[in-house]
Every structure is written in structure tokens, then in C-alpha cells.
Amino acid sequence: MPAAKHIIERSDILPYEVYAKERKERRAAITAMKKHRRVSVGPYATFYFENYETMFQQVHEMLHIEKGGEEQIADELAAYNPLIPKGDELVATLMFEIDDEIRRDKELRRLTGVEDHIYIDVGGLRVTAVVPEGDVERTKADGKTSSVHFLHFPFKLQEIEKFRDPGTQVLIAIAHPNYGHMALLSPETRTALAADFA
């Protein structure tokens, strides 16, 4: 099995015509893969765990839609490469998905600083989420948080070993005073995410 890739290089980018031809099949394949990389926590929060493949697809989708050429390629790589796990971490996009605009505004105002209250429990060992350095502030001055957060979960070797052990219970939790929810990771999700530690 080849080593996991941690960065999308310029040479990895497919020509526009090639991606356009393969787009339908590639989108179907990535949708199937994402099924076990998605974890709902409570009524509104969903974690989408990223990897090389999800970011490769995202970059190509942006290039396909916006057709910005060479300059856009550099921008997309700068934006999405930081979301590829580097072998000792999990990386997730957290989305608060609330359809009703009024309810969404109300809930996001109650979730000030939510990014500071998120962790993965690996058999009693807590891996706390960190916001990537240089990321924009996700909570505004008025206290309203963003509906989208980018989170890194840095693992130590012992935590990776426990995560890989099928006998270890793994939970993901949001422990914000106004949003206290957790979810057990399924065996399928554990297997999918364990591949990110490479």
C-alpha cells in the first residue's frame, strides 16, 4: 500500500478537459468514500473528516467551476493543502447546518468560541481540537460564531495506537455550555480515519 500523500503538488492537478471528462465518476467515488468520514454530533453539527482525496476533489471542483487558470491553482492549493492530515493528526471541517435563517442566526450567537470546546476521546485520552495557525477568527466581535470551522486534532503516538485498537471506544464531543453533545465513531469510520495516520 503506497504511503498517504500529505500535499497536493502543482503536478498533481489534472488538465481541465481531463477532469471534466472524469468528473461524474470522480464525484460518485468521493461521495461513497465520504460516507464513512462524516459524523453528526447533536442536532446541527456535522464533522467532515478531510484527507488528500477529499481536498484533491475540492480543488478540482473549484477549478472546474471558476475556470481561473494558473493563478487560481496556486490560490486553491494554498487554501486546501492545510486541510490534508500530515500523518499524526485528523483534520475536520465542522459545519453547523441549520436551514432556517432566523434559527441559524440565534443558534450561532449562542455558540461563541465553540471551537475551544471540541475534542476526541480515545479510550479516556482526550485529543483537543486546535484551530490552524493563520485561520481567520471564526467568532465575530458580537459573539456570533461561523457556521463553518476548520479543526486539527493532533495525536500523540499512544493515542494513535489506541485509536487503531478495535477494542477502544472513540467519541467525538462538543462540550460548549450551550451545545453539549457527543457521538460514538462507528467501526467503519474508525477504519477510514485510521488510514489518515500514515
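## Helices α1 and α2

In this predicted model, the axes of α1 and helix α2 (residues 52–66) come within 10 Å and cross at roughly 140 degrees. The two helices, α1 and α2, are therefore oblique to each other; angles over 145 degrees would count as roughly antiparallel. The crossing of α1 and α2 is left-handed.

Residues from both helices meet where α1 and α2 are in contact. On the α1 side these are Tyr16, Tyr19, Ala20, Arg23, Arg26, Arg27, Ile30, Met33 and Lys34. On the α2 side they are Glu53, Thr54, Phe56, Gln57, His60, Glu61, Leu63 and His64.

## Arg37, between α1 and β1

Arg37 sits in the loop that runs between α1 (16–34) and β1 (38–41). With a relative accessibility of 3%, Arg37 counts as buried, because the cut-off for buried is under 20%.

Two polar partners of the Arg37 side chain can be named. One is the side chain of Asp196, with a polar contact at 2.6 Å. The other is the backbone oxygen of Ala192, which the side chain of Arg37 reaches at 3.3 Å. Leaving aside neighbours within four places in sequence, Arg37 is in contact with Phe47, Tyr48, Phe49, Glu50, Asn51, Ala192, Leu193 and Asp196.

## The sheet β1-β2-β3-β6

Four strands make up an open sheet in the order β1-β2-β3-β6, and their pairing is antiparallel. β1 and β6 (148–154) stand at the edges with a single partner strand each, so one side of each has no neighbour in the sheet. On average, and with direction ignored, neighbouring strands of this sheet are turned by 25 degrees against each other.

Within the sheet, strand β2 (residues 45–49) pairs with strand β3 (residues 89–96) in the antiparallel sense, over five bridges. Tyr48 stands opposite Thr93 in β3. Tyr48 is also one of the residues in contact with Arg37.

## The sheet β5-β4-β7-β8

Another open sheet has four strands in the order β5-β4-β7-β8, again with antiparallel pairing. Its edges are β5 (125–128) and β8 (179–184); each has a single partner strand, so one side of each is left without a neighbour in the sheet. From one strand to the next, the twist averages 20 degrees.

Strand β4 (residues 118–122) pairs with strand β7 (residues 170–176) in the antiparallel sense over five bridges, and Ile118 has Ile174 in β7 as its bridge partner. β7 also pairs with β8 in the antiparallel sense, over six bridges. Here the bridge partner of Ala175 is Gly180 in β8. β7 and β8 form a hairpin, with two residues between them. Helix α5 (residues 157–164) lies across β4, β5 and β7 and runs at about 110 degrees to β5.

## Ile172 in β7

Ile172 belongs to strand β7. Is Ile172 buried or exposed? Its relative accessible area is 0%, so Ile172 is buried.

Leaving aside neighbours within four places in sequence, Ile172 is in contact with Val39, Val41, Phe47, Phe49, Tyr119, Ile120, Phe153, His181, Met182, Ala183 and Leu185. Phe47 and Phe49, in this list, are also among the contacts of Arg37. Lys156 is 16 residues from Ile172 along the chain, and the C-alpha atoms of the two are separated by 17 Å.

Note on methods: Residues are numbered from 1 along each chain as its sequence is written. This is a predicted model: local features need pLDDT of at least 70, side-chain atom pairs count only at pLDDT 80 or more; totals for chains, interfaces and linings use all residues. Side-chain values use heavy atoms; hydrogens and water are left out. Buried means under 20% relative accessible area, exposed over 50%, partly exposed in between (1.4 Å probe, protein chains only). A polar contact is a pair of N or O atoms within 3.5 Å; within protein, one must be able to donate a hydrogen and the other to accept it, and residues adjacent in sequence count only if both atoms are side-chain atoms. Contact means heavy atoms within 4.5 Å. Two strands pair if DSSP finds at least two bridges between them. Axes are lines fitted to C-alpha atoms, for helices over the stretch in contact, and angles run from 0 to 180 degrees between N-to-C directions. Angles under 35 degrees count as roughly parallel, over 145 as roughly antiparallel, 65 to 115 as roughly perpendicular and the rest as oblique. A crossing is left-handed if the near helix is turned anticlockwise from the far one by less than a right angle, and right-handed if clockwise.
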